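Dear colleague,

Here is the structure you were expecting. My notes on it follow below.

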Amino acid sequence: MQKILSAALCASLLLTACARNDDGPDATGVFETTETTVAARVAGELVRLDVEEGQRLAAGQAVGLVDTVQLHLKKRELMARLRATDSRRYDVQRQLASLRQQIATEQSERRRYEGLVARGAANTKQLDDIDARIAVLEKQLAAQNETLEKGNRSVSGEIEAIEAQLAQTDDLLARCVVTAPTAGTVLARYAEQGEMAQQGRPLFKMGALDRLYLRAYMTAPQVTGLKVGRRVTVLADRGEEGSRRYEGTVTWISDKAEFTPKTIQTRDERANLVYAVKVAVRNDGFIKIGMYGDVVLQTTD
């Protein structure tokens, strides 16, 4: 009886081993996410930074502020310069009104003398004198108009330069506000309120935890039958409870082979060259960055 039990036990272990060998994962990898490091875009004192590790942020959410006092003062100075410069702009029509009135008067006088000359009551010299005065006034009008227009163009150029400086100042003021570039969760915080921020200094790091990627490595025969968009099964470690099963989608397949990373196992551990594959998985909160996971290829797309 004991021999029969021993034989049955051996057969059971053999079947279990065979089943594990056949149904084992096709690849193993590590869960990761697309991380974004948010850095200071201007230099200055960090007067506010309202982020904590684990905090969820919306895209565009304002979470911090770099000191803006000097920029606001510079903007006030530029606005005053803009008003002063604009006040130097000439009203061309008003400035030329007197000359135009003189020309109109001389032209009216000329018409009167034309009638007198036609009746023989005046000589043509008086008419020639009026024409000469009109010609001088018209030249004065053209010269004055050119001078005024030139002065206004100079003022317009100064105003454009000041407006460009104002736009730069407004852009710097906008950059003083620290915002989340995308929606996600704060993974790490690198700065504290009151510290001096330099342009490009990292303030915090964030990532999207609701959608993770399992980076696994597969052999050439496995990759041959794989394509982007294919659905696969992903197993995430549950500790003593085994594994959690998720549906994943292949989002990227490397086009270059590399040597198997020491920390990663493939189905054929004798393979030296493998291809990296990224599988997107919708996270229900149980998957953590850096956790190991397995990929089981399905027979259908």
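R175 is partly exposed, with 31% relative accessible area. The model is predicted, so please read what follows with that in mind.

R175 pairs with D171 in a salt bridge, with 2.8 Å between the closest N and O atoms. Both residues belong to helix α4 and sit four residues apart, about one turn of the helix. D171 is partly exposed as well, at 37% relative accessibility.

A second pair is E114 and R110, whose closest N and O atoms are 2.2 Å apart in a salt bridge. These two lie in helix α3 (residues 92-118), and because they are four residues apart, about one helical turn separates them. E114 has a relative accessible area of 36% and counts as partly exposed; R110 is partly exposed at 24%.

The salt bridge between K205 and E35 (3.6 Å, N to O) links distant parts of the chain: K205 is in strand β9 (residues 202-207) and E35 in strand β2 (residues 35-39), 170 residues apart. E35 is partly exposed, with a relative accessible area of 40%. The count of salt bridges comes to 16. As background, side chains of opposite charge can pair when their charged atoms come close.

Helix α2 covers residues 69-86, 18 residues in total, and spans 26 Å from its first C-alpha to its last, close to the 26 Å expected. Its buried residues are L71, L78, L82 and T85. Seen down the axis of α2, the buried residues fall within an arc of 70°, so they line one face of the helix. Among the elements covering them is α4 (124-176). R76 and R83 are exposed, on the face of α2 turned away from its buried side.

For the chain as a whole, the secondary structure comes to five helices and 15 strands. Of the 301 residues, 32% are buried. Among contacts with a separation of 6 or more, 76% are between residues 24 or more positions apart. The accessible surface is about 18,800 Å², and carbon and sulfur atoms hold 51% of that area.

On confidence, the average pLDDT of the chain is 86, and 87% of the residues score at least 70. Residues 1-22 stay under 50 in pLDDT, and the model has three contacts beyond four places in sequence for them.

Regards

Definitions and conventions: Residues are numbered from 1 along each chain as its sequence is written. This is a predicted model: local features need pLDDT of at least 70, side-chain atom pairs count only at pLDDT 80 or more; totals for chains, interfaces and linings use all residues. Side-chain values use heavy atoms; hydrogens and water are left out. pLDDT is the predictor's confidence in each residue, from 0 to 100. Contact means heavy atoms within 4.5 Å. Buried means under 20% relative accessible area, exposed over 50%, partly exposed in between (1.4 Å probe, protein chains only). Accessible areas come from the Shrake-Rupley method with a 1.4 Å probe; for residues, only the protein chains shown count as cover. The expected span of a helix is 1.5 Å times one less than its number of residues. The arc is that of the directions from the helix axis to the C-beta atoms. A salt bridge is a side-chain nitrogen of Lys or Arg within 4 Å of a carboxyl oxygen of Asp or Glu.
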